[in-house]
Amino acid sequence: MNPMIFLAEDDDEVCMLFTEALSQILTSYEMHRVKDGLECVYTLKHFSEPNYIFLDLEMPLKDGIDCLKAIRLNPDLSEVPIIIFSSTHHIKDIDLAYKFGATFFLVKPHTIEDLVNALKRIFLLLIAPSSNITGKSNFVLRNTHKEHLSE
């Protein structure tokens, strides 16, 4: 069974890079993309049961934190990993994402190679025993080039 990746991202170029990076990691997968926060919440509530959710914070109509809150209220999605995928790295955003149940916070890398490395790292951590991903010290993925998780 192919994993289903749900991407909430309004930027077409970022979406293309994300898709390219995924194709270098996974041999087969399904992907569903939405371009705004309202579409994100609606689609996840009514149609989609993804294996992984990648959620941008700065989307039109409803921001990523509000989407995260709504997704975590859905019992069908309570165990689905949600990776915040954002260009921001403000501590306020990181703290809110952590507080409302995101699994990881990935600061958007600047190169395709860094994105590939970051996604590899995330997928490896998600299949590892859960004790390896609990706690805020493993929450933010910033230095993707060195594949280092830091707070």
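Leaving aside its neighbours within four places in sequence, which residues is alanine 102 in contact with?

**Entry 1: alanine 102 and the ground rules**

I began with this residue and took contact to mean heavy atoms within 4.5 Å. On that basis, and with neighbours within four places in sequence set aside, I found alanine 102 in contact with Leu68, Ile82, Ile84, Ala97 and Phe139. I noted that the model is a predicted one, in which local features need pLDDT of at least 70 and side-chain atom pairs count only at pLDDT 80 or more, while totals for chains, interfaces and linings use all residues. I also noted that residues are numbered from 1 along each chain as its sequence is written, and that side-chain values use heavy atoms, with hydrogens and water left out.

I placed alanine 102 in the loop between α4 (91-99) and β5 (104-107); helices here are DSSP runs of H or I with at least four residues, strands are runs of E with at least two, and both are numbered from the N terminus. Its relative accessibility is 9%, so alanine 102 counts as buried, where buried means under 20% relative accessible area, exposed means over 50%, and partly exposed lies in between (1.4 Å probe, protein chains only). I then looked at lysine 69, which is 33 residues from alanine 102 along the chain, and found their C-alpha atoms separated by 9.3 Å.

**Entry 2: the chain as a whole**

I counted 5 helices and 7 strands in the chain, and from the N terminus on I read the order of elements as β-α-β-α-β-α-β-α-β-α-β-β. The chain has 151 residues, of which 45% count as buried. Among contacts between residues at least 6 apart in sequence, 62% join residues at least 24 apart.

**Entry 3: helices α2 and α3**

I next asked at what angle the axes of helix α2 and helix α3 cross. The axes of α2 (residues 37-46) and α3 (residues 64-73) come within 10 Å and cross at roughly 10°, which makes α2 roughly parallel to α3. For this I used axes fitted to C-alpha atoms, for helices over the stretch in contact, with angles running from 0 to 180 degrees between N-to-C directions; angles under 35 degrees count as roughly parallel, over 145 as roughly antiparallel, 65 to 115 as roughly perpendicular and the rest as oblique.

From α2, I found Gly37, Cys40, Val41 and Leu44 meeting Cys67, Ala70 and Ile71 of α3. The residues of this contact divide into 6 nonpolar, 1 polar and no charged, where Ala, Val, Leu, Ile, Met, Phe, Trp, Tyr, Cys and Pro count as nonpolar, Asp, Glu, Lys and Arg as charged, and the others, Gly among them, as polar.

**Entry 4: cysteines**

How many disulfides does the structure hold? I found 0 disulfides, taking a disulfide as a pair of cysteine sulfur atoms within 2.5 Å. The sulfur of cysteine 67 has its closest cysteine sulfur in cysteine 40, at 4.2 Å, which is too far for a bond. Cysteine 67 is buried, with a relative accessible area of 0%, and I found cysteine 15 buried as well, at 8%.

**Entry 5: aromatic rings**

My search of the whole structure gave 5 aromatic pairs, where rings of Phe, Tyr and Trp (its six-membered ring) pair if their centres lie within 6.5 Å, and planes under 30 degrees apart count as stacked, over 60 as edge-to-face and the rest as tilted. Tyrosine 52 and phenylalanine 123 have ring centres 5.1 Å apart and planes at 70°, so the pair is edge-to-face. This pair links distant parts of the chain, with tyrosine 52 in strand β3 (residues 52-55) and phenylalanine 123 in helix α5 (residues 112-127), 71 residues apart.

Phenylalanine 54 and phenylalanine 123 also form an edge-to-face pair, 6.4 Å centre to centre with 70° between the planes. I found both phenylalanine 54 and phenylalanine 123 buried. One aromatic cluster is formed by Phe18, Tyr52, Phe54, Phe85 and Phe123.

**Entry 6: two further loops**

I placed aspartate 36 in the loop between β2 (30-34) and α2, where it is buried at 16% relative accessible area. With neighbours within four places in sequence left aside, aspartate 36 is in contact with Met59, Pro60 and Leu61.
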